[in-house]
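Visitor: I am new to this structure and would like to know what stands behind the words used for it. Please show it to me, and then I will ask.

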There are 2 protein chains.
Amino acid sequence: MKIIMSIEEMQNSANRLRAAGKKIGFVPTMGFLHQGHLSLLEEAKTRSDIVVMSIYVNPTQFAPNEDFEAYPRDTERDCKLASQHGCDIVFIPESDQIYPEPYLTYVEVEKMTRILCGASRPAHFRGVTTIVAKLFNIVKPQLAVFGQKDYQQALVIQQMTRDLNFDVEIVIAPIVRESDGLAMSSRNSYLSPDERQQALVLNRSLLMAKQEILSGERDAESLKRKIRANIRQKPAAEIDYVEIVDARNLDPVKDIQHNVLIALAAKFGKTRLIDNIIVDVEKLI
Amino acid sequence: MKIIMSIEEMQNSANRLRAAGKKIGFVPTMGFLHQGHLSLLEEAKTRSDIVVMSIYVNPTQFAPNEDFEAYPRDTERDCKLASQHGCDIVFIPESDQIYPEPYLTYVEVEKMTRILCGASRPAHFRGVTTIVAKLFNIVKPQLAVFGQKDYQQALVIQQMTRDLNFDVEIVIAPIVRESDGLAMSSRNSYLSPDERQQALVLNRSLLMAKQEILSGERDAESLKRKIRANIRQKPAAEIDYVEIVDARNLDPVKDIQHNVLIALAAKFGKTRLIDNIIVDVEKLI
């Protein structure tokens, strides 16, 4: 496995690989890899000749009060894990290369970035779409894999890719969970043992909600109330949002029909966690 | 010369050309070609194997009160001229393909788009950078040529290209003028004979300004006053702006040192014209 730190070298490698007819699959990450990331690498491997993974904790997607500085980092371990899971090139750029002064250009997706996580993190998705557009131009992949855990992010990137005519196929891979159901996240490392235990309520509430739909619940407001009540039983939980939206475009949903996304975010102590489930009503019946 | 109307076909052609080791030079236009455009094609031809020109009157760079509907169009003549000046592929996309519903993504360059033409046309450059980013992803050029006539546009695109890591070299080609000095523009076709005669004051004021600098004028405010007074002698002229800025980054200039851009915009009747000159003080001395 090759490690590349320079943008120019990454672009030259990508040019050479494409000229040789290779299909490049790309997995952008912020590092501190867990099984979720590794499943994305494996997904990319089955669909391409060369897998490139980037590690970059992107400052523009963090607000000043968020955890950019504290975000966990372990590049050496990341590289070892990546090489064991089919990665061919790890791209690890430096911030002064990625945002050289004066840096002035941003890519923004409207409307679908104002809701869910975008409501409480107003500049977050602008940072995400900007860095992903940059990485697409540096890594030049034909395919990129994102995790369903950040479902809104994956859909926003899909929209950007379509709108800006990036010639890149976007694949969304399933959420990977710990054995007790907690969705894997680099931020889980922030949780105290007690917070971690209480955080299981997120996945359990989503499973409860799916069961409610299976039992005939079709009113989104009523179901959201039930989910909120469930989460509030945990004293450490502070709900950011619980939403039910159309899984195709994140449009709000009143009556639960077709394919819905139930998405939620909550803080446990200082740690903000997200989770979601997609429920296809027609397949349940 | 080949004419391509479909985005997918253009991307496939670009992929094939690049796989065959060809260098693609790109000239984006809004059509209604004049000698200025043709000089861009010839510049692209000397620097690349295959020249692609796009014709697309981009609605997102026009404000509702501007001349999108009236903008002159003559695609048949454009194709004939392009084929006579080294163009290999003309790309003519349809608007419903370029901005399919729901269209949500925009590329924006901050700061340098708020001044000069950006001050009176606030959404203009957002439209320009968005369409150029899209066209770069569709045409996949290694090189793109823009005219100095729209110098701010060329610099904004250069900044976007650098910031978003597009692997594209941006070339700025000189202004082409009519024999009497009027800068060539598709919008010159709007002018009445009398307005056209009065519009010569723009180029003449720029040449006068250069002469003033040669004679020792170094105060930007004083020089701008002289230029404005000169233009105001023409009764049809309505000045939008007269500015003197750093030619490298469009930063404001008080003392005229190094390389300055003198840029201006004025209306003659209903027609808004722009013109500029770059004066390298060190080379004058």
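Visitor: How many salt bridges does the rule count over all chains?

Guide: The count over all chains is 38 salt bridges. A salt bridge is a side-chain nitrogen of Lys or Arg within 4 Å of a carboxyl oxygen of Asp or Glu. This is a predicted model, in which local features need pLDDT of at least 70 and side-chain atom pairs count only at pLDDT 80 or more, while totals for chains, interfaces and linings use all residues. Residues are numbered from 1 along each chain as its sequence is written, chains are lettered from A and ligands numbered from 1 in the order in which they are written, and side-chain values use heavy atoms, with hydrogens and water left out.

Visitor: What makes A:Glu66 and A:Arg121 a salt bridge?

Guide: The closest N and O atoms of A:Glu66 and A:Arg121 are 2.7 Å apart, and the limit is 4 Å, so the pair is a salt bridge. The two residues are 55 residues apart, in distant parts of the chain. A:Glu66 is in the loop between β3 and α3 (75–84) of chain A, and A:Arg121 is in the loop between α5 (117–120) and α6 (124–139) of chain A. Helices (H or I, at least four residues) and strands (E, at least two) are DSSP runs, numbered from the N terminus.

Visitor: Where are the domains of chain A, and how do you know?

Guide: The bounds come from an automatic or database domain assignment. For chain A it gives domain 1 (2–173) and domain 2 (186–284). Their centres, taken over C-alpha atoms, are 26 Å apart. The contact (heavy atoms within 4.5 Å) takes 22 residues from domain 1 and 20 residues from domain 2 of chain A.

Visitor: What is meant by the area buried between domain 1 and domain 2 of chain A?

Guide: Buried area is the accessible area (1.4 Å probe) that two parts lose on being put together, summed over both. For these two domains of chain A that is about 1700 Å², with 56% from carbon and sulfur atoms. A:Leu116, A:Lys149 and A:Tyr151 supply 33% of what domain 1 buries against domain 2, more than any other three residues. The rule also finds two salt bridges across this interface. Elsewhere in the list of pairs, the side chains of A:Arg187 and A:Asp67 meet in a salt bridge at 2.9 Å, N to O.

Visitor: How do you know that the copies meet through the same surface?

Guide: 100% of the interface residues of chain B are also interface residues in chain A, so the surface is the same. On each side, 32 residues are in contact. The two chains bury about 2700 Å² between them, 43% of it on carbon and sulfur atoms. The count of salt bridges between them is four. A:Arg126 and B:Glu110 also form a salt bridge, with N and O 3.2 Å apart.

Visitor: What is the strand order of the sheet in chain A, and which strands are at its edges?

Guide: The open sheet of six strands has the order β1-β4-β3-β2-β6-β7 (chain A), with parallel pairing. The edge strands are β1 (2–4) and β7 (169–173) of chain A, since each pairs on one side only. The twist averages 25 degrees from one strand to the next.

Visitor: What is the peptide bond from A:Glu101 to A:Pro102?

Guide: That peptide bond is cis, with omega near -15 degrees. A:Pro102 is found in the loop between α4 (95–98) and β5 (105–109) of chain A. Most residues other than glycine have a negative phi, and most peptide bonds are trans.

Note on methods
Two strands pair if DSSP finds at least two bridges between them. Axes are lines fitted to C-alpha atoms, for helices over the stretch in contact, and angles run from 0 to 180 degrees between N-to-C directions.
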